[in-house]
Amino acid sequence: MKVTRSSGNVFADLALPAADERLLKAQLASQIARRIASRKLSQRAAAAIMGVDQPKVSHLLHGRLAGFSADRLLTWLMALGQDVDIIVRTPPRRRAGRLRVRMLAVD
């Protein structure tokens, strides 16, 4: 059986267009879902906090992210009480830059 090591981005491994953006949006959506769950919010309650309608929350929680920008997802994280820090730095060795989303804590 042939096994191929992942690049860390399943969207790139599948050669999908805009793989980095897809990964970012998936990671942000995962953090939003965790925040909604940790606060034990219904989709309706989460929608009210986020300033959207309930079907948008349903789409987000089911991974249907095509209609959502990364900026919009970041705004929803902040509406749910999360701080978002963006750090731009030079990589330690000569390589292309990368994008990472790290969750520090969920209360």
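Helix α2 passes helix α5 in a left-handed crossing. This is a predicted model.

**Helices α2 and α5**
- Helix α2 spans residues 19-38, and helix α5 spans residues 70-79.
- The two helices pack at an angle of about 20°, and their axes are 10 Å apart.
- Angles under 35 degrees count as roughly parallel, so α2 is roughly parallel to α5.
- On the α2 side, the contact is made by Leu24, Lys25, Leu28, Gln31 and Ile32.
- On the α5 side, these residues meet Ala70, Leu73, Leu74, Trp76 and Leu77.
- By type, the residues of this contact divide into 8 nonpolar, 1 polar and 1 charged.

**The aromatic pair**
- The structure holds 1 aromatic pair.
- Its partners are Phe68 and Trp76.
- Their ring centres are 5.1 Å apart, with 70° between the planes.
- Planes over 60 degrees apart count as edge-to-face, so the Phe68 and Trp76 pair is edge-to-face.
- Phe68 has a relative accessibility of 6%, so Phe68 counts as buried.
- Trp76 has a relative accessibility of 3%, so Trp76 counts as buried too.
- Trp76 is also one of the α5 residues in the contact with α2.

**Ser58**
- Ser58 is found in helix α4, which covers residues 54-61.
- The cut-off for buried is under 20% relative accessible area. Ser58 has 15%, so Ser58 is buried.
- Leaving aside residues up to four places away in sequence, Ser58 touches Gln43 and Arg64.

Note on methods:
Residues are numbered from 1 along each chain as its sequence is written. This is a predicted model: local features need pLDDT of at least 70, side-chain atom pairs count only at pLDDT 80 or more; totals for chains, interfaces and linings use all residues. Side-chain values use heavy atoms; hydrogens and water are left out. Helices (H or I, at least four residues) and strands (E, at least two) are DSSP runs, numbered from the N terminus. Buried means under 20% relative accessible area, exposed over 50%, partly exposed in between (1.4 Å probe, protein chains only). Contact means heavy atoms within 4.5 Å. Rings of Phe, Tyr and Trp (its six-membered ring) pair if their centres lie within 6.5 Å; planes under 30 degrees apart count as stacked, over 60 as edge-to-face and the rest as tilted. Axes are lines fitted to C-alpha atoms, for helices over the stretch in contact, and angles run from 0 to 180 degrees between N-to-C directions. Angles under 35 degrees count as roughly parallel, over 145 as roughly antiparallel, 65 to 115 as roughly perpendicular and the rest as oblique. A crossing is left-handed if the near helix is turned anticlockwise from the far one by less than a right angle, and right-handed if clockwise. Ala, Val, Leu, Ile, Met, Phe, Trp, Tyr, Cys and Pro count as nonpolar, Asp, Glu, Lys and Arg as charged, and the others, Gly among them, as polar.
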